[in-house]
Structure formats: structure tokens, C-alpha cells
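Subject: Structure for you to look at

Dear colleague,

Here is the structure we talked about. My notes on what I found in it follow below.

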Amino acid sequence: MKNRTKLIRAVPALLTGLSLLLVVACGNVGGTDSSSGGSSGPTITVGSKDFTEQFILGSMYAQALDANGFNGVAKLDLGSAPIADKALQNGQIDLYPEYTGTSLVEILPYKGNPADLNSPRATYEAAKKLYAKRSPADKMLTPAPFNNTYGIFVRSSVAEKDDLTNMDELAQDSKNLTFISFSQFQNRSDGYPNMQKNYPALDFEEIKIVNNLGLRYSGLQSGEGDVGVGFTTDGQLTSDQLVVMEDPKSIWPFYHPAPVVRSDVLKKYPKVEKVLNEVTASLGLDTMRELNGKVDLDQEDPEDVAKEYLEEKGIID
Amino acid sequence: MLSNILEVFARPDFPEKLREHVVLSLVALLVAVAIAMPVALMIRNTRLGAAIAINIGNVGRAVPSLAILALALPLLGIGFASALVALTALAIPPILINASTGLREVNKDVIDAARGMGLSGGQILARIQLPIAAPVIFAGIRTSAVQTVASATLATFIGGGGLGDLIVEGYSERGPEILLAGAIAVAILAIITEVGFGALERAFTPKGLKIAQKRGR
């Protein structure tokens, strides 16, 4: 082999080796964020699901625990609700932030339609009861005082032109409109099927399935769709380009964020409940939207956003 | 579990997703061949051209597909076109690398002999270089085809449909059936592609080469 050939072949190999070293040295390989608080004290592992609000809430809980005598470890971005729940039940994490309604739809054996529970309190009590019956038992702590539910929103220009303010009017107008949705919403019982059942006039001209939140919002902005579905705390909804439709029939369950902790952890360390409750009680809809916006729109790190917030509220210093 | 998975295949939306997936993969592969082959032919005789092609090919392999998707979105919007661009970009490298390498590694003595016999450049290409390089070129196309079928799952992120939709949907479900159905369908498609293109490869290997391969030369 000529020496020059050896050199040419060595360069990509060297570059690959160097970049691998860099990646490993930086610590975070792949989608799982794992950060250790570094404090002494019993280790409490906080998990999270796979979207921005979850990263923020998970970081908040881990950091709050870390500042209160525990070693708070965050294992964020585990995946969907069933995945996070499995991790909780087999001890890989000790708690994660769930939502009252979601737990009834996706995790717990709730017999009945969670949307029929007519108050946030009733929804929470139903979930709490079922969680306690599991083996190992879990406790769903006090929920936050806001509802992160599905938001069906319309581009402002379209809403103005067709005079759309609520889901009824939207359903009547839907045959002229394109809906940008995602697979989970289209197929989950509390999602699109729920919408169609309650607003039977719904008949979109076209439904585009785009399984990425950022791309869905971009698609709407660029006019490739008229109607979208998101969550009411999405940072993107602070924009005046989108109008959230009112839901006069109240077709969705209440989804209040509430951490779910394994009961054996609480029995061993009762202080955990108090620390987590303090964080949860401080939250509100506008606050959550703002924090989500910092991550999704301003590209800030969820950990930093959580830290800033907790410091501002005096929960950590 | 098995019956639940089969139930997913029986869903009314499954044939459409399967069709979307196959069409996307096929078109991406054809476009990739249409781009990569002429380029490989053009650079077959220059050393610098080959080095550039191979390096571009290697870089292309390393670029994350989601990044290409995100780049395509503002230009082509949601749907088939953006997914196609991303998949084609991913499909080109194996074909380009194999085709340019295959053409260049045809024994120089053979080409010399052909020139000595009076064959023109074009005749050398058509009658000597391409047939000899055919197995390597088809191996590249086969690799690209299988990779494209597997990667077409990412069309789900940009509204391109396909079996990726099932995988994403099943990911959030309590039971693994929908997820498995999507994944198994992709795997079966990939295997069919591998076997099918393998047969194509054998069909295009010149008889003389087959004999030489059998004799171990």
C-alpha cells in the first residue's frame, strides 16, 4: 500500500475516533438525559416522558429534591407513558410527572370514560385510588392547579375569515379545512375519535399526519394546514397567529400534572412528598407555557429553565 | 399477542401505509440510481473525482436523516416530497461508492488489452467495465435498497406516511402489538428487498465472472 493511501485512509479513522471520544467525554449519548445532583443523601431517581414539559417538570423535581437533603438524579426522556410507568414499577425510577387524565386513559384499568368525570378533583381521586391498588403501590401526589389538555387551534387568518371560535363552528366548517395531526392523537380513544363522537359534523377535507411537534407547528405557520392539535401549555400557543377553539361540550378528561411516586419510597422518605408538593403547587398555565416556550422557541436547556424557575420561586437558592 | 399483531395487518389503513412505504422507497431508490450512476460513470477515470465521490458518499452516510428532513421542510413542505428528498440523499452514498469503486477496480490490463484491440472508450465502458463492475454496482444498489426500505420509517415525522406511522402510534400504546406489527412489516419488506435484489445481482453477473467466481479466481 502506498504511504499516501495509508495516510488518506487514516484520516477518516482518526476523525471518527476523535469524535467518538468527544461524545463519550461529554457524557450524554443518545436520547436519555441522566444528570446527578451530586449531593449526598439518599438517591431519588426522577424520570420523565419524552416531551418538553416533562423534561422541565422532571428537572424541577430532581433539583428540588437535590436541594433538600437528597441526591436527586434525573433520568429524563424515557419515552411514552407506558414506558415511564414500567420504569417506575420495576424500580428503575422512583417517580415521574404524570397527568391525572392521562393515567386513566393510558395506564390504569379505569372502567368508564375519563371524560365523563366532571371535575379535576374527581379525576384525581379516581386516578389516586387506582394507583394505590397497584402492586407495587404508587401514590399520585397533589396535582398542579392547571389543566394541560388538548388544544385544537386554527390559524388566526382562517379563524377570522370563517368566524370560528369554538369546536362546533369548526366542525361545521371542517370540510374546507386541512387538519395537521399526529398518530397518537388520531388513534387514542380520547383523541380524534372522541372529537368526532362529540362533534359529529367534523369532516376535514384532509388530515395530514406529522409525528413531530415542531414540524406540525411549522407546517401550520407556513399554511400547509389550517387546523392543528397540541397541548394548551405548548409554548408555541403564545403566538397570536393561532387561536385555540373553545370546547363547549368539554369532551376531554382533565389532565392536571401530578407526580406519581412509588409508595415504598414515600414510606421510607416522607419528606419527598412535601418537597414535590411545593414545586407542583407553584405552577400555573401561563407559567408552564412560558417555560415550555423558553425551551422550544428560545432553544434553552430544560435543566437551566427549571433551575432559573426554582431559584426565582425561592424553592432552591 | 400474535393474533393482535395480525389484527393490525387487517386494519383498513394498513394497506395504504404499506403502499406509501413501498412507493416512497422505490422512487427514492430510482432517483438515487439516476443521480449516482451518471456521476460514477463521469468520474471513473479520474483519481481525484473518485476520491471526492467517495468522501461525499461517506459524509452523506453520516448525516442524520432527521437533519435532512428539517432542511427539506421549508422548501418542500409537509408530505411526500420532503420525505423523498431525505431518503434519496440517504440512498445515494452506497450506490455512488460502490459504482465508482467497482468501475475503477476493473483490471487495468484488461482495459489495456481492449484498447490494444481497437475498442473506443465508450465500447470499453459498455462491453468491459460495466459488465465486470456489475456485481459490485448491484451490491451497492442492493445495500441502498435495503437501507432505504428501513429508513423510510422516518417519513412519519414529516407527514410522508408509511409504516413509520404505525411504529410511532404503537410506541405510546399500552401493549406492543401495534409497534411490533409496524416493525415486523418493515423487517419483512427489508428481507424481501434483500432477497429480490440479490437475485437481480446474480442475474446481472456476466456468465464468465460467475464461472471465475466458482473457480475461486
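Of the 217 residues of chain B, 40% count as buried, where a residue is buried if 20 or more other C-beta atoms lie within 10 Å of its own, exposed if 12 or fewer, and partly exposed in between, with C-beta atoms placed from the backbone. This is a predicted model, in which local features need pLDDT of at least 70 and side-chain atom pairs count only at pLDDT 80 or more, while totals for chains, interfaces and linings use all residues. Residues are numbered from 1 along each chain as its sequence is written, and chains are lettered from A and ligands numbered from 1 in the order in which they are written.

Confidence

The model has an ipTM of 0.78 and a pTM of 0.80. The mean pLDDT of chain B is 89, and 100% of its residues score at least 70; pLDDT is the predictor's confidence in each residue, from 0 to 100. Among the elements of chain B, the highest mean pLDDT, 95, belongs to helix 2 (residues 14-42) of chain B, and the lowest, 77, to helix 10 (residues 207-215) of chain B. Where pLDDT is low, the predicted coordinates should not be read in detail.

Chain B

Chain B has 10 helices and 0 strands. Helices (H or I, at least four residues) and strands (E, at least two) are DSSP runs, numbered from the N terminus. The C-alpha atoms of chain B fill a box of roughly 70 × 40 × 20 Å along the principal axes. Of the contacts in chain B with a separation of 6 or more, 74% are between residues 24 or more positions apart. Two residues are in contact if their C-beta atoms, placed from the backbone, lie within 7 Å.

Where the chains meet

The contact between the chains takes 17 residues from chain B and 18 residues from chain A. On the side of chain B that touches chain A, helix 8 (residues 164-171) of chain B gives the most, with 4 residues. That side of chain B holds 6 nonpolar, 7 polar and 4 charged residues. In this count Ala, Val, Leu, Ile, Met, Phe, Trp, Tyr, Cys and Pro are nonpolar, Asp, Glu, Lys and Arg are charged, and the others, Gly among them, are polar.

Chain A

The domain assignment, which is automatic or from a database, gives chain A domain 1 (33-147 + 257-312) and domain 2 (150-244). Taken over C-alpha atoms, the centres of domain 1 of chain A and domain 2 of chain A are 28 Å apart. Their contact takes 12 residues from domain 1 of chain A and 11 residues from domain 2 of chain A. Helix 13 (residues 285-296) of chain A gives the most to the domain 1 side, with 6 residues.

Strand 2 (residues 43-47) of chain A is mostly covered, with 4 of its 5 residues buried. Strand 2 of chain A runs parallel to strand 3 (residues 71-76) of chain A, joined by 5 bridges; two strands pair if DSSP finds at least two bridges between them. Thr45(A) stands opposite Val73(A) in strand 3 of chain A.

Arg216(A) lies in helix 10 (residues 213-221) of chain A. Why does Arg216(A) count as buried? Because Arg216(A) has 27 C-beta neighbours inside 10 Å. Leaving aside neighbours within four places in sequence, Arg216(A) is in contact with Ile180(A), Phe182(A), Val210(A) and Gly228(A). Gly228(A) is 12 residues from Arg216(A) along the chain, and their C-alpha atoms are separated by 7.5 Å.

Best regards
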